Amino acid sequence: MRKLAIIDINHTVNRPSGGETFIQNPYEQELIPEAIAALESMQQDNWVFVGASNQGGVPTWKSYENMLLEMRYCQDMLADHGIYFLTILAAIAEGEKCVQIGGYWCGGLYSHQVFYDKNGNYRKPSTGMLKKAQELAGYPQEVLMIGDRDEDCNAARRVRIPFLHAHDWHEDPTLVQAAIQEYARV
Ligand SMILES: [Mg+2]
């Protein structure tokens, strides 16, 4: 059975390496060690990963190009640990655009493409990115959302998939199974 984990990026998978709240420089980021361990165990259990990141700072205080670099650098760091995301999605322009970043290496450049929704539904807690993630992954039977903010939880609730808080996931990756089973019961 194909299993998809839709995973928020900032403060779920990575964080600023200087202790700030937001990543300002694409290269001043680090992976959260507990997230690496949790992703490794899920990957062994045949989960497929799609990132879903609200990038509300683009273009006010973060350039579009730097956002792309930040996400690609995150993917590169994950690949260094043998962890591969199918793709990472980023919502920009008040949710009217969803950028699909890379996932594969093509002629020395990561590919990316942009989806548009004039109703702005790509930005979490709206559901556009979660729906797009499921579409790109081929509508797997088992789907789970992991994130650190209310907008992640509320987006998951709206598309009726189980949610696991990043803090809990970092502490105990086996809670993935518990979250799914608990959701199936209610
Ligand atoms: Mg986050």
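Predicted model: local features only at pLDDT ≥ 70, side-chain atom pairs only at ≥ 80, totals over all residues.
Residues are numbered from 1 along each chain as its sequence is written.

Strand 5 covers residues 87-92, and because six of its six residues are buried, it is largely enclosed by the rest of the structure. Here a residue is buried if 20 or more other C-beta atoms, placed from the backbone, lie within 10 Å of its own, and strands are DSSP runs of E with at least two residues, numbered from the N terminus, as helices are runs of H or I with at least four. Thr87, Leu89 and Ala91 point one way from the strand, whereas Ile88, Ala90 and Ile92 point the other way. In a regular strand the side chains alternate between the two faces of the sheet.

Strand 4 (residues 47-54) runs parallel to strand 5 and is joined to it by five bridges, pairing being called when DSSP finds at least two bridges. Between them the chain passes through helix 2 (residues 64-80) in a right-handed β-α-β crossover, that is, clockwise from the first strand over the helix to the second with the strands pointing away from the viewer.

Within strand 4 lies Gly51, which is buried, with 27 other C-beta atoms within 10 Å. Gly51 touches Ile7, Ile9, Phe85, Ile88 and Leu89, leaving aside residues up to four places away in sequence, where contact requires C-beta atoms, placed from the backbone, within 7 Å.

Note on methods: Buried ≥ 20, exposed ≤ 12 C-beta atoms within 10 Å, placed from the backbone. Contact = placed C-beta atoms within 7 Å.
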